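Here is a colleague's note for someone opening this entry for the first time. Please keep the structure in view while reading the points.

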Amino acid sequence: MTGILPSYQRFVNGVPVPSISRRSFRLREKYLIVSVLLTFAIVWLGALFYLPEFKSSNSVNDSVYKVYKRIQKAGPELLMPPPLAQNDVGEFPVVGIVRHGEEGDDPHIVEDRIRLRAKIDEDMGMKVLERPQFDLAPSVSSSKGPSKPPVDAIEEPAFAKKDSDRNVFPSGHKAEGSDKYEVVALASGVDPDIKNKLETVKEMMRHAWNNYKLYAWGKNELKPMSKRAHLSSVFGAGDLGATIVDGLDTLYLMGLMDEFREGRDWIAEHFHINEIDSDLSVFETTIRFVGGLLTCYAFTGDTVFRDKAAEVADALLPAFESPTGLPHALINPSTKASRQYHWAGPNSILSEVGTLHLEFTYLSEVTGRDVYKQKVDRIRDVLNNIEKPGDLYPNFINPRTGQWGQRHVSLGALGDSFYEYLLKAWLLSNREDEQARVMFDTAMQAALDKMLRVSPSGLSYLAELKYGRVFEEKMDHLSCFAGGMFALASTTLENTLSERYMDVARKLTHTCHESYARSETRLGPEAFRFTGAVEARAQKSNEKVYLLRPETFESYFIMWRLTKEQKYRDWGWEAVQALEKHCRVEGGYTGIVNVYHQNPQGDDVQQSFFLAETLKYLYLLFADDSLLSLDEWVLNTEAHPLPIKNKNPLYRAADKSIDIGNEDNRV
Ligand code: DMJ
């Protein structure tokens, strides 16, 4: 016997009971600890080698390095609490409100997802993910920056007005570098009041851009209150410069050429989408990056923009590898792995698969490569051929089976820009794409018959449908683009629906304006309801946010251009003043979390679409019609203008296929 054995034996009822010495007990503990540690080590190594996030790398060192890089990139947001500044009533603005979800964790995306997930949950009882909470802290006012300089103190860019009657862009001009651009004329007329308004919006753009440049250059978005990069935006922490790419054509239109050139040079040198090793939304990347780059190519002829647009689209192509050709929602450009949102189950989203057509078609034209157009034509065929319940398109479709998911129909979130792109595909093709217009008119007739409602006090709104019946007496801010869409549909084709379209356009734009006018801040909520007692007002706390969205101003702009009724300009100016009062902070522009508070709390995010869309629409509202004539340009859903075929001299179609590289990505 060795020393570790018991030195004496215990008996119970005459039976020897095994006894363990203190020494042998410690040994077992040691075994236990060692095996726990071993298990942790195995799990950790397993994760490095086998989890999809890390699969792309070939060596452990590489993987560890990537993990290190990620933590380093997210470092400031992970480790440092945002600086909180007391406002003038001694309260603290709350920033970085929410940290959860998985495809980008900002409150905006989370808020959108709450609604999307709620819809899915309601329709199918699906509980794939826990719903994130959007907890709103008590309202405190955001700190306001110094008042902006008087308009006449703003530096005037050199404008070269070349043709006062028509669009003033250089025609057929082929630039090779950023120093060759011709500067666009403002075409602002002589009215000092209008000039003042244009200058005010331009100064807002400068404020947004300069602060992004100061605190977040090269990152995707800015946190204007905490004055640092927003690393959990829809495009994540990678250096994709979303604000640069999205905002660039607005700078050009405003004649801010120094800023335009610095953005262009950043793109030429630093924009490399294939290096991004995280999931990107195929839809968002298309409308913001491919769309923005293509517009800059049309404006300037600078091939950097065209080639980068092709690089981005090529990075997205693996997502289209499904039995039907309908793309998956997310793609990792580095690993080329694509997947769906967890909250949508196996489905793709109607507004996402249906909002690629303009960019991919035009990209084929300027590169001479058919692959992009083939992809979106295939999507069109699927959607055209599938049986539509009551001529309506449900919001979810399975790319494996080509069958509809939940029978939920909306002109707001999940549906919206699919319809917009049917109309605009027809317009962009100079009306050659007749299939698109027929699909649009058929769907809109059904939508107006079944979804258009009138409140007791006479406000028209678009309700949402489930299995052919109205189930929510509510309209999203996102659906406020519809006023402009119906007006455009009305004036571009004389048919049995034209009159009705214009009537609906006026009424919907009026309702959206009411949602702004009925709030204390004069900014509109994310969603508003019609319950009898309450009209055009948000009820739930997560509906009361204003995220710097553009849709209402988009409709003001289109309605102004097409009707010339002064009220649309007046409403736009009200919005400018409200943005200046409640959203402007020293470090840029922030969304607000409650439009019904006199001193609303900021959400600390300057969305890239604020520069791409919100400020662009407000500027165009006061500019002459010759700046971006609607006879020559179609604006994509992110407000990036694309030239109309055979009507716009800046169409720049390629004579033959252009060799740009990225061959391995084109599938
Ligand atoms: C933008 O990215 C686009 O307008 C999109 O179509 C909808 N949402 C945002 C702006 O609200």
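Predicted model: local features only at pLDDT ≥ 70, side-chain atom pairs only at ≥ 80, totals over all residues.

1. For glutamate 638, a side-chain N or O atom is 2.6 Å from an oxygen atom of the ligand. For threonine 637, the atom belongs to the backbone, and the distance is 2.8 Å. For glutamate 613, the side chain is used again, at 2.9 Å. How much of the ligand does the protein bury? Taken alone, the ligand exposes 290 Å², and the protein buries 92% of that.

2. **Arginine 288.** Arginine 288 sits in helix α8, which covers residues 282-300. Is arginine 288 buried or exposed? Its relative accessibility is 5%, and the cut-off for buried is under 20%, so arginine 288 counts as buried. Its side chain makes a polar contact of 2.9 Å with the side chain of glutamate 284. Another polar contact, of 3.0 Å, links the side chains of arginine 288 and serine 608. Leaving aside residues up to four places away in sequence, arginine 288 touches Glu221, Val234, Phe235, Val245, Asp246, Ser608, Phe609, Glu638 and His640.

3. **Helix α11.** How many residues of α11 are buried? The count is 11 of 11. They include the charged residues Glu359 and Glu365. Also among them are His357, Leu358, Phe360, Tyr362, Leu363 and Val366. The cover over these buried residues includes helices α8, α9 (303-316), α12 (371-385) and α13 (416-428). Strands β20 (633-635) and β21 (641-643) are also part of that cover. Just after α11 comes glycine 368, with a positive phi of about 75°.

4. **Strand β16.** This strand spans residues 527-530, and both of its faces are covered. In a regular strand, side chains alternate between the two faces of the sheet. Which residues lie on each side of β16? Ala527 and Arg529 are on one side, with Phe528 and Phe530 on the other. All four are buried.

5. **Partners of β16.** Strand β15 (residues 474-476) pairs with β16 in the antiparallel sense, over three bridges. Here lysine 474 stands opposite arginine 529. Strand β17 (residues 535-537) also runs antiparallel to β16, joined by two bridges. In that pairing, phenylalanine 530 stands opposite glutamate 535. The hairpin of β16 and β17 has four residues between the strands. Glycine 532, in this hairpin, takes a positive phi near 100°.

6. Arginine 522 is not a glycine, yet its phi is positive, at about 65°. It lies in the loop between α16 (498-517) and β16. Its relative accessibility is 44%, so arginine 522 counts as partly exposed. Asparagine 646 also has a positive phi, near 60°, in a residue other than glycine. It belongs to the segment after β21. Why does asparagine 646 count as exposed? Its relative accessibility is 61%, and exposed means over 50%.

7. **The chain as a whole.** Finally, the totals. The chain has 667 residues, and 59% of them are buried. Its secondary structure comes to 19 helices and 21 strands. Among contacts with a separation of 6 or more, 70% are between residues 24 or more positions apart. The chain exposes about 26700 Å², and carbon and sulfur atoms supply 53% of this area.

Note on methods:
Residues numbered from 1 in each chain as written. Heavy atoms only, no water. Buried < 20%, exposed > 50% of the residue type's maximum accessible area, 1.4 Å probe, protein only. Pairing = 2+ DSSP bridges. Polar contact = N/O pair within 3.5 Å; in protein donor to acceptor, adjacent residues only side chain to side chain. Contact = heavy atoms within 4.5 Å. Areas by Shrake-Rupley, 256 points an atom, 1.4 Å probe, with all protein chains shown as cover.
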